[in-house]
Amino acid sequence: MSAGKLTGADVAEHNSKDSCWVIVHGKAYDVTEFLPEHPGGQKIILKYAGKDATEEFEPIHPPDTLDKFLDKSKHLGAVDMGTVEQEEKAFDPEEADRQERISRMPSLAACYNLMDFEAVARQVMKKTAWAYYSSGADDEITMRENHAAFHKIWFRPRILVDVEHIDMSTTMLGTKCSIPFYVTATALGKLGHPEGEVVLTKAAHRHNVVQMIPTLASCSFDEIVDAKQGDQVQWLQLYVNKDREITRKIVEHAEKRGCKGLFITVDAPQLGRREKDMRSKFSDPGSNVQAGGDDIDRTQGAARAISSFIDPALSWKDIPWFKSITRMPIVLKGVQCVEDVLRAVEVGCDGVVLSNHGGRQLETARSGIEVLAEVMPALRERGWEKRIEVFVDGGVRRATDILKALCLGATGVGIGRPFLYAMSAYGIDGVDRAMQLLKDEMEMNMRLIGATSVADLNPSLLDTRGLLGGHSVVPSDTLGLGAYDPLEAPRFNEK
Ligand SMILES: Cc1cc2c(cc1C)[n+](S(=O)(=O)[O-])c1c(=O)[nH]c(=O)nc-1n2C[C@H](O)[C@H](O)[C@H](O)COP(=O)(O)O
């Protein structure tokens, strides 16, 4: 001990499976008994046994994780960090290249659309972070189709409409929003930015846009709610825990903190196989740590490592229980066919999100917009279109994509990766610009199709034959490919 604090040497003595102490945010924790329970496996903890684990811990775990899940008797107290030997970081040529590219980054003004942010983020993000955010399942066919499907729908604009005044505001789950998109739930915000999801909270406030708070956020739920301002609206995205008491507590707390919608994710009874994420091994599984054979293989990437709590037994019979524990509107996120939308109406859900999780789950699942084109006529046929709010997400990169969804009958549209990339590359100013670009595009395109308000947007403004003809050939998505393989993207300054 030194001056009543543990020293680095005290902690370093406990560096094995039999006695494992780690340091997080300047405090020591005895995690020996916790090792077999760690959702991310033992290897990653043992890699930091006896050492400072803060850098690895930070992006994956909300700050209150240890207070919430590690018995107080294992909290060993403050460490005199001056006595902790910080490991010499071996020279990492990849990191050096990344820093060099960051030094030549295009200015924010060089980003003219959401794909530009993707192109820049791909160059400046850490490999593991880019891998996690950009990953789709398997061959990423659904992920690409999400965006491509919008190119199968063409507009039938009306002319000589007085479009001097445009009102793009709308109402989603009873909340008046200035524009019909929301920030959808995406996990691990601190992989892209040290402040994580609160960056999205602040940008959403600037544009009066709803934010959906992810269960698997890097920030704690309360940090994200505390970051909201005034009457800013947030929804909760819920991965249902096998332990329903934990789920009950999360839902009740969210309602108490003012969340205005419960989005139950129903397309992920098991997280999909995101091979870019797996390939980046999220942490070096080759670390020289011997751990028990029952260990979760960290080479499965972050996704698998953080999702073992999700209940694959979740079913329709759980809906009445959810209705009994909350008065928040209940929306099923990840619905992918007409039959399940009709069933959601019958069991009294308030909404659905037609989504395939950004192509990160079932490969060759259809795009949300394609399912929407099937769902809305079925609801109208039954006179049910007012009984449920229908949202869509996946592949939305232009205001024309949003307009197509609204013309088909969607209430609103969720956007994920673009805001993550904008945040990762340029912080809050990036997200702010991304939202403003969408707003500017929205105003222009509403004028060009002859619509002055969301109420004017209807199926007669669209030609959807390309969609309904199944998977016809689509125009090649040069801009999208350009971002993915940055051929046409903001130029990095010369070396
Ligand atoms: C990009 C991304 C999406 C995630 C996401 C994480 C990332 C990095 N995560 S995940 O780690 O488990 O897969 C979530 C999540 O926490 N919960 C959820 O309901 N959807 C999750 N989604 C899906 C998201 O809510 C939207 O359905 C999807 O992002 C929409 O597609 P775009 O990214 O193309 O806008």
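Asparagine 113 is buried in this predicted model, with a relative accessible area of 7%. Buried stands for under 20% relative accessible area, exposed for over 50% and partly exposed for values in between, with a 1.4 Å probe and protein chains only. Residues are numbered from 1 along each chain as its sequence is written. The model is predicted, local features need pLDDT of at least 70, side-chain atom pairs count only at pLDDT 80 or more, and totals for chains, interfaces and linings use all residues; side-chain values use heavy atoms, with hydrogens and water left out.

Asparagine 113 sits in the loop between helix 5 (93-103) and helix 6 (114-124). Helices (H or I, at least four residues) and strands (E, at least two) are DSSP runs, numbered from the N terminus. Between asparagine 113 and alanine 185 lie 72 residues in sequence and 21 Å in space, C-alpha to C-alpha.

Helix 7 (residues 127-134) comes next. It is mostly covered, with 6 of its 8 residues buried. These are Ala129, Trp130, Ala131, Tyr132, Tyr133 and Ser134. Helix 7 meets helix 18 (residues 417-449), and the two axes come within 10 Å and cross at roughly 165°. Axes are lines fitted to C-alpha atoms, for helices over the stretch in contact, and angles run from 0 to 180 degrees between N-to-C directions. Helix 7 and helix 18 are therefore roughly antiparallel to each other. Angles under 35 degrees count as roughly parallel, over 145 as roughly antiparallel, 65 to 115 as roughly perpendicular, and the rest as oblique.

The crossing of helix 7 with helix 18 is left-handed. A crossing has this hand if the near helix is turned anticlockwise from the far one by less than a right angle, and is right-handed if clockwise. Helix 7 contributes Trp130, Tyr133 and Ser134 to the contact, and helix 18 contributes Arg417, Leu420, Tyr421, Met423 and Ser424. Contact means heavy atoms within 4.5 Å. By class, the residues of this contact divide into 5 nonpolar, 2 polar and 1 charged. Ala, Val, Leu, Ile, Met, Phe, Trp, Tyr, Cys and Pro count as nonpolar, Asp, Glu, Lys and Arg as charged, and the others, Gly among them, as polar.

The loop between helix 7 and helix 8 (141-148) holds aspartate 138. Phi of aspartate 138 is near 50°, a positive value in a residue other than glycine. Aspartate 138 counts as partly exposed, at 33% relative accessibility.

Two residues of another loop follow. Threonine 186 is found between strand 7 (181-183) and helix 9 (197-206). Threonine 186 is buried, with a relative accessible area of 17%. Neighbours within four places in sequence aside, threonine 186 is in contact with Glu197, Pro214, Gly416 and Leu420. Glycine 192 also lies in the loop between strand 7 and helix 9. At 15% relative accessibility, glycine 192 counts as buried. With neighbours within four places again left aside, glycine 192 is in contact with Met125, Tyr133, Met423 and Ser424. The C-alpha atoms of glycine 192 and tyrosine 132 are separated by 9.7 Å, although the residues are 60 apart along the chain.

Helix 15 (residues 338-346) has Val338, Val341, Leu342, Ala344 and Val345 as its buried residues. They cover an arc of only 155° around the axis, which puts them on the same side of helix 15. The arc is that of the directions from the helix axis to the C-beta atoms. An α-helix has 3.6 residues a turn, so residues three or four places apart point the same way. Glu339 and Glu346 are exposed on the other side of helix 15. The buried residues pack against strand 11 (330-335), strand 12 (351-354) and helix 16 (368-381).

Helix 15 packs on helix 16 at an angle of about 45°, with the axes 9 Å apart. The two helices are therefore oblique to each other. Their crossing is right-handed. Val338, Val341, Leu342 and Val345 of helix 15 make the contact with Glu374, Val375, Ala378 and Leu379 of helix 16. This contact has 7 nonpolar, no polar and 1 charged residues.

Just after helix 15, glycine 348 takes a positive phi of about 85°. Threonine 364 has a positive phi of about 65°, although it is not a glycine. Threonine 364 is placed in the loop between strand 12 and helix 16. With a relative accessible area of 56%, threonine 364 is exposed.
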